[in-house]
Amino acid sequence: MIKRLLQSAVVLIVKLLLFINTIQAQTTYTISGRVTDPSGMPVPFASVALKGKASGITSDDQGHYLFKTSLSGDSVLVSSLGYQSRAYPLQPFRNQVIDVVLIPSSQRLQEVKVYGKGGDPAYRIMREVIRHRDEHNPVQLTAYEYESYTKIEAYLNNVESGRKNRKGAPRIGPVGRLLARLPTITDEAGRPAVPIFISEQLSSYYHRSSPEKAKELVRKTQVKAVGVTDGGLISQFTGTSFQQYNFYRNYLNVLQKDIPSPIADVWQGVYTYRLIDTVKVGESVCYQIDYQPKRSFDLAFAGTIWIDTTSHALVQVAAQIDKRANINFIDEIRIEQELEPTSAGAWLPVRTQVMIDTDELLPRAPGGLVRFYSSARQIVVNEPKEVNFYDPSIELADDYKESSPSYWTSVRPETLTAGELRTFQIVDSVRNVPFMRVVGEGIRLGFNGYQSLGKLHLDYGPFLYSYASNTIEGHRFRVGLRTNPGFSRRWVLRGYAAYGTLDQQVKYSLGADYIVSRKPWTLIGARRTYDLEQVGLTPENLGSNSFFYAYARFGSLRRPFFQEDNQAYLRRELGKGFTQTVTFRNRTFEPLYAFAYRTSPTQGFDSPLKRKFRTTEVILETRLAPDEVILQNDNERLSLGATRKPVYTFRYIIGLRNVLDGAFNYHRFSFDVKHSFRLGALGRTYYNASVGYIPSILPYPLLHTPLGNESWFYVDNAYNLMNFFEFVCDRYVSIRVEHNFEGLFFNRIPAIRRLKWRFLTTAKVLVGGVSPDNLSAIPATDDLGQPVAGFQPLGRTPYVEVGYGIDNIFKVMRVDAIHRLTYRDNPGVTPFTIKASFWVSL
């Protein structure tokens with residue numbers, strides 16, 4: 001009997017323990033609190049996790065954290081860059097608040113009192129920093145290289161609008177309601193956040209100073225993101241090449257904005273400084289100095305720098321920009337960086353963390369949070385590679401996609417937080433939700449104008465050219481297709497067919513490119529096009545302005561003509577940014593307006609007349625863009641433009657008579673340079689200068705037609721008060737200049753400051769003319785006695801227009817007031833106008 005009772009008691013105890021464990025396993029409890037330093041200042045983005053568990057969160061920008069877990073643990077482990085990690089005891093399965101105080105990894109020294117004349121002693125220290133700056137700038141090294149690990153995360157957050165409904169609950173917009181149905185993680189403030197992007201990358205980064213070149217070899221990468229099907233191009237965006245923050249430069253380029261460094265040449269005119277303490281950071285005894293912009297609304301940093309007391313080198317920096325600065329859609333930007341000395345004396349960043357908290361784009365729309373982390377190790381200095389080694393500037397290893405979870409565990413400098421691990425797990429679920437798939441397709445469509453047709457390996461587009469309506473074609477419909485990398489990694493096929501309901505003519509284009517080599521980039525191609533064009537409004541004249549080209553096909557067409565255009569070309573990159581293109585071209589000119597030309601202008605009125613002609617040309621183009629950044633993957637190649645150096649383009653065209661029925665021998669020369677540069681606190685200047693010369697006798701459609709603009713919107717590469725086809729030149733010099741003062745003026749007006757308007761000025765000048773022989777090539781009437789549409793040459797007076805405007809109106813609009821200063825008496829001229837343009841910019 002007693003034995004049975006004991007057995008029953010044991011069974012009951014076991015069942016009770018199992019029940020308790022089950023209850024505990026199903027119990028979720030909350031841990032929250034705030035992370036601060038000993039002075040009470042918040043420690044942002046600290047990692048808070050259960051010790052020995054993959055469950056945790058990161059503190060927000062004010063040090064607050066909150067996370068829920070059902071796991072048990074005896075303590076909470078808290079760590080942050082520049083601080084000693086600390087563990088706090090935990091009561092499992094109970095909601096609790098744990099406020100954390102982190103001790104800086106730097107060691108406080110005994111109090112030192114410094115007295116000086118003429119203000120805070122920080123200024124004396126800063127003068128020494130500036131005096132020794134070049135000694136510590138990594139640019140003074142002949143070369144350096146290191147292994148780089150980068151990590152990028154992006155989330156949609158702030159789903160709630162901040163306002164309350166009648167019941168007192170947060171008001172959520174329609175997008176927020178859709179996002180609320182998606183898998184989420186918990187952000188630093190304890191609110192749901194939808195992960196849309198996370199990547200890791202291991203690269204080898206190389207830099208050479210003379211000539212200045214840089215190269216990143218992407219060895220391994222993993223990317224999971226909404227709207228990304230092939231991570232080849234994205235992997236080149238997420239590397240260390242785009243995370244270079246050198247505080248020894250006068251200006252740091254952050255989100256395409258030039259922000260003065262706290263140790264720049266202009267330090268005393270931009271910032272105020274205050275010496276806080278003397279501390280030990282790693283092996284360096286440092287001055288801790290706080291800095292603030294002299295004017296809170298200026299585009300400048302605020303934060304703290306740690307300066308080595310012996311060498312006056314920058315050891316550590318914390319920099320912040322808040323929403324008062326003139327940057328659109330940004331609540332806050334934070335940059336934290338640690339530097340270490342090299343054997344040659346210069347200091348290199350070894351850890352960089354960046355946080356960008358975005359504002360809502362529209363009322364009641366969610367915001368975004370982006371985090372960057374970059375580390376450098378195995379640093380080698382003053383061992384430059386051969387110059388050709390650095391081309392291309394970004395390169396993918398053949399097996400860059402092949403990696404395992406264990407590989408990433410072994411190469412990460414720091415273990416992923418629980419939130420980051422969960423992001424990798426659920427981002428695939430997020431991007432496969434129908435709503436997010438639509439968003440992803442919209443991103444791709446907005447980026448390149450094409451819509452993928454899935455398994456057909458074809459893209460449809462560009463949508464911008466799908467429809468037009470004009471006086472010649474009536475309603476014009478166009479369907480365009482091109483192959484994508486899924487079709488072939490060597491061949492790119494493209495074409496379109498268009499039809500006009502009024503002229504009932506079929507227009508078409510067929511083209512093929514073959515990639516001979518990717519290093520160096522070598523491409524051969526051919527294209528045949530038959531379509532309706534306008535004199536002076538051809539794709540060659542409009543450049544990359546696709547919107548203006550689409551707009552020009554609406555309404556009344558100016559001097560229209562049909563053109564059969566056959567081209568074969570070879571393009572090869574001979575070195576970084578140095579590209580040579582050779583094109584053989586044969587085309588026709590079939591006018592649909594009153595036109596004729598003298599075949600022998602020297603005979604005067606006795607010269608025979610013709611309406612149509614065919615030309616055969618060889619085009620030699622040399623382009624030099626020394627610091628242009630090119631992203632390349634399979635058969636895709638994307639230019640991100642140049643940053644600090646000008647871009648030069650030289651073109652020479654040779655006309656060949658009697659070759660494939662070519663009607664003329666001629667020569668055309670042109671040279672173009674584009675550049676932008678910073679004028680300190682005054683803003684940024686952009687300019688484009690061009691020179692052209694045609695020493696041959698030709699019909700005016702083969703001469704240079706300056707691009708006019710009769711539309712209501714502003715066009716950057718056009719003369720905005722010049723009519724279409726108002727002038728023709730066979731020799732010309734032109735310059736276009738724009739200076740954007742950014743927030744220099746409006747930031748100083750209290751009532752307007754919050755609007756973030758930016759003042760700008762423009763000037764465009766054209767000097768040119770037409771030789772008497774080319775003037776005589778156009779008769780007054782054709783062979784039927786009908787008047788021939790001629791042209792007006794520029795006289796000795798240059799064409800000049802100047803303007804001023806306001807940019808960033810409602811964050812998307814620019815308004816320009818433009819004055820035409822010369823040739824104001826020409827027919828149909830408007831001497832003054834106001835034009836608008838729209839785009840989203842930061």
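These are my notebook entries on a predicted model of one protein chain.

**Entry 1: the whole chain**

I began with the overall counts. The chain has 842 residues, and 49% of them count as buried. I found 13 helices and 47 strands. I then looked at contacts with a separation of 6 or more, and residues 24 or more positions apart account for 62% of these.

**Entry 2: the cores**

I looked up the largest nonpolar core, which has 48 residues. Those with the most contacts inside this core are F247, Y273, I289, F301, I305, L314 and I335. A second core is separate and holds 23 residues, including Y593, I653, I694 and F725.

I went back to I289 and listed its contacts, leaving aside neighbours within four places in sequence.

**Entry 3: P138**

I moved on to P138, which sits in the loop between α3 (133-136) and β10 (143-157). Is P138 buried or exposed? Its relative accessible area is 4%, and because buried means under 20%, P138 is buried.

I listed what P138 touches, not counting residues up to four places away in sequence. The residues are Y144, N246, Y248, A346, W347 and L348. I also looked at the pair P138 and L348, which are 210 residues apart along the chain. Their C-alpha atoms are separated by 6.2 Å.

**Entry 4: cavities**

How many cavities of 30 Å³ or more are there? The count comes to five. I looked into the second largest cavity, which holds about 90 Å³ of space. It is lined by 11 residues, and the closest to its centre are P392, S393, E573, K576 and I630. I sorted the lining of this cavity by type and got three nonpolar, three polar and five charged residues.

Definitions and conventions
Residues numbered from 1 in each chain as written. Predicted model: local features only at pLDDT ≥ 70, side-chain atom pairs only at ≥ 80, totals over all residues. Heavy atoms only, no water. Core = buried A, V, L, I, M, F, W, Y, C linked by side-chain atoms within 4.5 Å. Buried < 20%, exposed > 50% of the residue type's maximum accessible area, 1.4 Å probe, protein only. Contact = heavy atoms within 4.5 Å. 1 Å grid on protein atoms, 1.4 Å probe; cavity = no way out; pocket = protein on both sides within 12 Å on 5 of 7 lines; lining within 4 Å. Points joined across faces, edges and corners; volume = space filled by probe spheres on them. Nonpolar A, V, L, I, M, F, W, Y, C, P; charged D, E, K, R; others polar. Helix = DSSP H or I, 4+ residues; strand = E, 2+ residues; numbered from the N terminus.
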